Amino acid sequence: MASYAVIETGGKQYRVEKGSTLLVDRLTAKEGDVVDLRAVAFRDKEMVLGKDLEKVKVDAKVVGHERGPKIRVFKYRAKKGYRKRAGHRSELTRLEITDVSMKSAATKTAAGSSKKPAAAKKPAAAKKEAEDGS
């Protein structure tokens, strides 16, 4: 089974896999930019939810900006002479999912391998003065 993620963008959720394309509400990114999407769920060998989602990485490339189909809205009240016509056309962005992965613990420690130096210990006399407030 291939790994997949459920991502959230524009108040909607989408199930994505590596290589898939989808249309989402317009994003501010330019064509060719890589955007990072927030994962809501991830499945590889087992389901990942909750705090472990911070390790999940979903990257997508902006393929282009498009406009959705025109939707015509017509309001009408019988015998009242009320007619109102309106329309709407959604602004959309087409994304291509380039990466769906989970960072392993080994990768995290390798990236953050620089350890902080141990704090210098204070002499006992200085510690006692700090406690006394003198």
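Reply: A residue is called buried when its relative accessible area is under 20%, exposed when over 50%, and partly exposed in between. The model is a predicted one. By that criterion, buried residues make up 22% of the 134 residues in the protein chain.

Me: Why is Thr 9 called buried?

Reply: Thr 9 has a relative accessible area of 11%. The cut-off for burial is under 20%, and Thr 9 therefore counts as buried. Thr 9 belongs to strand E1. Leaving aside neighbours within four places in sequence, Thr 9 is in contact with Tyr 14, Val 24 and Leu 27.

Me: Why is Lys 57 called partly exposed?

Reply: The relative accessibility of Lys 57 is 33%. Lys 57 is part of strand E6.

Me: Which residues does Lys 57 touch, not counting residues up to four places away in sequence?

Reply: Lys 57 touches Asp 99, Val 100 and Ser 101 on that count.

Me: What makes a set of residues a nonpolar core, and which members touch the most others in the largest one?

Reply: The members must be buried residues of the nonpolar kinds listed for a core, joined through side-chain atoms within 4.5 Å. The largest such core has 20 residues, of which Val 16, Leu 37, Val 58 and Leu 95 touch the most other members. Strands E1, E2, E3, E4, E6 and E7 each supply at least two residues of this core. Not counting residues up to four places away in sequence, Leu 95 touches several residues, including Leu 22, Val 35, Leu 37 and Val 62.

Me: How many helices and strands are there, and in what order do they run?

Reply: The protein chain has two helices and seven strands. From the N terminus on, the order is β-β-β-β-β-β-β-α-α.

Me: What lines the largest pocket, and what is its volume?

Reply: The volume of the largest pocket is about 160 Å³. Its lining includes Phe 42, Asp 44, Lys 45, Met 47 and Met 102. Strands E5 and E7 are the elements that give two or more residues to this lining. By residue class, the lining divides into five nonpolar, one polar and four charged.

Technical notes: Residues are numbered from 1 along each chain as its sequence is written. This is a predicted model: local features need pLDDT of at least 70, side-chain atom pairs count only at pLDDT 80 or more; totals for chains, interfaces and linings use all residues. Side-chain values use heavy atoms; hydrogens and water are left out. Buried means under 20% relative accessible area, exposed over 50%, partly exposed in between (1.4 Å probe, protein chains only). Helices (H or I, at least four residues) and strands (E, at least two) are DSSP runs, numbered from the N terminus. Contact means heavy atoms within 4.5 Å. On a 1 Å grid over the protein atoms alone, a cavity is a set of points where a 1.4 Å probe fits but cannot get out, and a pocket is an open set with protein on both sides within 12 Å along at least five of seven lines; lining residues have an atom within 4 Å of a point. Grid points are joined across faces, edges and corners, and a volume is the space filled by probe spheres set on the points. Ala, Val, Leu, Ile, Met, Phe, Trp, Tyr, Cys and Pro count as nonpolar, Asp, Glu, Lys and Arg as charged, and the others, Gly among them, as polar.
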